[in-house]
Amino acid sequence: MNLLKAPLHIQILVALIVGVVLGIAFNPGDQPLPEDFSFSLSRSDNKLVLEERPDQDATPFVPSKTLTIEEYERRFPSLPPVEDWEGDNSPPIEVTNRKLRIMEDSKAIHLSYMRSYNGKPVLTDVKLNSRSDLESRFPAFLGAYDEYRSSWSRQVTIVSKWLGDLFLRLLKMVTIPLIVSSLITGVAGLGGTKGLGTMFSRTLGYYVVTSLLAITTGIVMVNLIQPGVGATLPGTGEVTTFGGDQSLVGVFSGLVDNMIPPNPAAALANGDFLSIITFSILFGVFIVRSEAATQKTLSDFFNAFFNVIMAMTMFIIHLAPIGVLAFMTYATASQGADIFGTLAWYMLTVFLALAVHACITMPLILKFVAGRSPLEYARALSPALMTAFSTASSNGTLPLTMTCVEKNAKVSNRTSSFVLPLGATINMDGTALYEAVAVLFIAQASTGFELTLQTQIVVALTALLASIGAAGIPHAGLVMMAIVLQAVGLPLDAQGVIIAVDRLLDMCRTAVNVWSDSCGCAVVERFTSDDETEAVPAAVPST
């Protein structure tokens with residue numbers, strides 16, 4: 001079999017498998033650290049100072065931390081409370097499982113220093129701009145980095161990340177022109193504002209229902225498996241607090257503001273999807289309301305523009321196997337395996353919840369609401385789903401998703417051009433499910449936190465609203481999770497350990513996001529076709 005002549009989804013699948021194998025082969029693993037080192041926790045002027053050094057006189061492993069007593073008790077619940085100290089120095093503290101992982105890509109050096117204080121995992125996870133930045137902030141790890149710098153693992157990671165980013169840039173290059181041209185031609189093809197209002201109400205209704213179903217699935221799975229019961233989460237780590245200064249009201253007032261661009265050209269340049277969608281819809285509506293000559297001129301122009309962009313998109317899509325190979329190699333080469341043991345039950349809960357939503361809930365909707373064969377529809381969307389999985393970007397995958405929905409699944413352009421861009425912006429089933437599971441996992445693992453039914457309802461509603469504000473980019477769920485954590489009074493520091501496994505979970509939930517958006521096209525098309533179009537043909541396999 002000539003692989004180059006195989007269907008695109010077969011090429012992508014082979015690239016995905018090869019990328020995993022290459023990544024595992026070049027994963028450097030954790031680097032050993034000196035066995036003998038000095039650890040001290042002392043008190044000075046109502047402040048606590050924590051230090052870790054290779055020996056008494058050497059440079060600290062990490063910059064010394066100065067904490068208030070409140071911060072100390074919150075971040076290190078496994079360490080002796082201050083009232084039990086005798087004098088200014090804490091009782092003996094056992095530091096075990098000390099591991100270092102260094103990874104470098106084309107943009108930064110990523111350093112993860114893992115250890116346990118009295119059996120409680122602690123993670124320092126930082127991103128550094130250069131070797132000199134590492135030398136100034138973490139000089140004790142400079143030797144380990146120089147050893148890693150000469151390895152094949154570093155070269156493979158840098159090259160694969162660069163190639164993957166290049167492919168993603170190509171996809172993003174056509175995303176905005178494709179959204180603008182497809183939305184304008186699609187709305188103009190609806191024939192009036194009545195058709196637009198009907199499609200919008202059906203699309204929005206589908207989004208809300210499926211997101212609530214996804215969140216409910218996640219909450220049920222968390223309560224059945226209880227992954228956080230008995231789990232230990234790091235209470236510290238140099239981890240960015242994502243969105244920590246945002247409130248839920250602030251996020252959604254910002255969303256409403258972003259729907260109306262004061263400068264459409266700036267919105268196009270900055271990639272503000274909500275602004276672009278609003279302006280494109282309005283532009284399409286007023287094309288329909290224009291006089292016949294103007295309507296024909298603009299419709300012909302945007303139809304021609306759309307055809308050119310689709311041809312460009314198809315060319316880029318044929319490069320998808322290369323992009324998937326690069327992304328999978330990078331993902332598996334840069335992730336260690338040990339952290340997966342610590343978070344195994346949490347990851348299993350997320351995987352099972354996503355699987356139930358993607359493989360049971362959505363196929364039932366396809367079968368009984370959209371009247372489609374779930375297996376045939378999934379096969380038609382397989383190139384987009386595998387690309388979404390490898391890139392973890394629903395916005396970046398949008399051109400391929402639109403192509404698969406129209407060319408393989410035979411959904412009309414006027415439906416896909418409206419449902420998919422809107423879905424890539426506000427419909428995040430996988431993200432909403434993930435946020436609910438992650439927050440409840442943290443709640444279960446937090447000592448003294450009472451997880452009531454009321455709390456879980458707040459988590460569900462907040463996760464639904466926050467997922468609407470999540471961008472279709474890698475790790476967007478982490479950005480919005482801080483809002484959900486704040487809504488129920490959980491510490492933002494608990495996000496630190498989740499970052500270690502977020503990439504793999506992000507890939508899975510992005511595939512679910514794209515699958516839900518694609519199924520929405522079939523549902524909306526089914527009911528739109530009853531009123532305004534001919535029956536929709538069944539999905540056909542990718543060729």
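**Notebook: a surface patch, a helix pair, a salt bridge**

I looked up Ile 360 and found Ile 360 in helix H13 (helices, H or I of at least four residues, and strands, E of at least two, are DSSP runs numbered from the N terminus). I note that the model is predicted, with local features needing pLDDT of at least 70 and side-chain atom pairs 80 or more, while totals for chains, interfaces and linings use all residues. Residues are numbered from 1 along each chain, and side-chain values use heavy atoms, without hydrogens or water.

Ile 360, Leu 364, Phe 368, Val 369 and Phe 527 make up a nonpolar surface patch, together about 480 Å² of accessible area (Shrake-Rupley, 1.4 Å probe; patch residues have over 30% relative accessible area and no salt bridge, nonpolar side chains being joined within 5 Å). H13 (residues 344–370) gives the most, four residues.

Next I checked H14 (residues 374–391) against H15 (residues 394–408): the angle is about 170 degrees and the axes are 7 Å apart (axes are fitted to C-alpha atoms over the stretch in contact, angles run from 0 to 180 degrees between N-to-C directions). The two helices are therefore roughly antiparallel (over 145 degrees).

Last, I counted eight salt bridges (Lys or Arg side-chain nitrogen within 4 Å of an Asp or Glu carboxyl oxygen). One joins Arg 115 and Glu 52 at 3.1 Å, N to O. Arg 115 lies in strand E5 and Glu 52 in strand E2, 63 residues apart.

Terms used: Angles under 35 degrees count as roughly parallel, over 145 as roughly antiparallel, 65 to 115 as roughly perpendicular and the rest as oblique. Patches are made of residues with over 30% relative accessible area and no salt bridge: like charges are joined within 9 Å, nonpolar side chains (Val, Leu, Ile, Met, Phe, Trp, Tyr) within 5 Å.
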